[in-house]
Amino acid sequence: MISRKQIIDLLRSDPLRHIMTLKMINLYGDHMIFDVIQNEDSWVILSKLPISASAEYDRKTYPESDFIILIDGSKEIDKKNIVDDLPSGTYIVKTYDHQIKGHLEKKYGAKKVNSFISYTANSAPLLEKKFRVEESFDLNKEMISLFQNNGYEESELIRFFNNQAKWFGIRQGNILVSGCFVFNNFEKVWELGGVFTLPEHRKHGYAKINVLSALQYLLSNDFIPRYAVKWDNLKSIQLAESLGFQAFLSIDHYLLKK
């Protein structure tokens, strides 16, 4: 039986391509079940996470599902059989693989129900910071309240900040009106998330300055940034691209009923 360490070593071969699974192992590894097929240097891994153990976003968005399914593998291997071996159930399959997407649609009539674009950057633009940006490793009730607007649970945030997450924010008077934070996905890959500005304080460029500050922090520490954006969040996409982020992966979510 293959160990979790061996699974991570396979995924580590291309950490950005496999970042979703590496992130989930980092967060929920004790709850996950793995099916692995290896053929000499080729391999495919199906990772299964009970919806009850997943993030609040998944539990709220896909309450009818039994498991979250992630499928990774080397590019040359046929990955379809590992899907066919799933028992009866209702699944959300999160995949970047076009072979898997086509198979889910043609054989099972699975419907794409969501899609996220992952961005990264290797440089940050030189922009004037017109506002003072606060930054801290300490999580307080004010920050928890702000980031909960983006669907994060308090327990999630505590776990991130216990592992050296850092927030960036802008105040108007005594009120924290805009913020974001960075947290570790896997080894040197760090996610930039939680971008939120109070509705009455938008259209002043606060989010852009916060994200720029976070990006500069990641790059200065030789971390690899990851910024995940929902496919229809045009403002976040425009923000990412205005700061030089480049898309490297599209992860589609399919509802599969077997």
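1. Basis of the note. The model is predicted, with local features requiring pLDDT of at least 70 and side-chain atom pairs counted only at pLDDT 80 or more, while totals for chains, interfaces and linings use all residues. Residues are numbered from 1 along each chain as its sequence is written, and side-chain values use heavy atoms, without hydrogens and water.

2. Eleven strands form an open sheet with mixed pairing, in the order 1-2-3-4-11-5-10-9-8-7-6. Strands here are DSSP runs of E of at least two residues, helices are runs of H or I of at least four, and both are numbered from the N terminus. Two strands are taken to pair if DSSP finds at least two bridges between them. At the edges stand strand 1 (33–39) and strand 6 (134–136), each of which pairs on one side only. From one strand to the next, the twist averages 25°.

3. Strand 6 and strand 7 (residues 166–172) run antiparallel and are joined by three bridges. Within this pairing, Glu135 stands opposite Phe168 in strand 7. Strands of a sheet pair through backbone hydrogen bonds, either parallel or antiparallel.

4. Helices across the sheet. Helix 1 (residues 4–11) lies across strand 1, strand 2 (42–50), strand 3 (67–73) and strand 8 (175–186), and runs at about 120° to strand 2. Helix 5 (residues 98–108) lies across strand 3, strand 4 (90–95) and strand 11 (246–257), at about 25° to strand 11. Contact means heavy atoms within 4.5 Å. The axes are lines fitted to C-alpha atoms, for helices over the stretch in contact, with angles from 0 to 180 degrees between N-to-C directions.

5. The nonpolar cores. A nonpolar core is a set of buried Ala, Val, Leu, Ile, Met, Phe, Trp, Tyr and Cys residues joined through side-chain atoms within 4.5 Å. Buried means under 20% relative accessible area, exposed over 50%, and partly exposed in between, with a 1.4 Å probe and protein chains only. The largest core has 70 residues, of which Phe160, Phe181 and Phe245 touch the most other members. Helix 8 (residues 206–220) gives the largest share of this core, eight residues. Apart from it lies another core, of 15 residues, including Leu46, Ile82, Val93 and Leu104.

6. What surrounds Phe160? Neighbours within four places in sequence left aside, Phe160 is in contact with Leu27, Tyr152, Ala165, Phe181 and Phe183. One aromatic cluster is formed by Phe147, Tyr152, Phe160, Phe161, Phe181 and Phe183.

7. Aromatic pairs. The whole structure holds 14 aromatic pairs. Rings of Phe, Tyr and Trp (its six-membered ring) pair if their centres lie within 6.5 Å; planes under 30 degrees apart count as stacked, over 60 as edge-to-face and the rest as tilted. Phe160 and Phe183 are stacked, at 4.0 Å centre to centre with 20° between the planes. This pair links distant parts of the chain, with Phe160 in helix 7 (residues 154–161) and Phe183 in strand 8, 23 residues apart. Phe160 is buried because its relative accessible area is 5%; Phe183 is likewise buried, at 2%. A further stacked pair, Trp190 and Phe223, has 4.7 Å centre to centre and 15° between the planes. Trp190 lies in strand 9 (residues 189–197), and Phe223 in the loop between helix 8 and strand 10 (224–230), 33 residues apart.

8. Charges over rings. Lys48 lies over the face of Phe67, at 5.2 Å from the ring centre. Arg202 lies over the face of Phe196, at 5.2 Å from the ring centre. The criterion is NZ of Lys or CZ of Arg within 6 Å of the ring centre and within 35 degrees of the ring normal.

9. Positive phi in two loops. Most residues other than glycine have a negative phi. Glu40, not a glycine, has a positive phi of about 55°. Glu40 is found in the loop between strand 1 and strand 2 and counts as exposed, at 76% relative accessibility. Glu187, also not a glycine, has a positive phi of about 50°. The loop between strand 8 and strand 9 holds Glu187, which counts as partly exposed at 44% relative accessibility.

10. Tyr119. This residue is found in strand 5 (residues 111–120). Is Tyr119 buried or exposed? At 2% relative accessibility, Tyr119 counts as buried. Residues up to four places away in sequence not counted, Tyr119 touches residues including Pro225, Tyr227, Ile237 and Phe245. Tyr119 and Leu249 are 130 residues apart in sequence but 7.3 Å apart in space, C-alpha to C-alpha.
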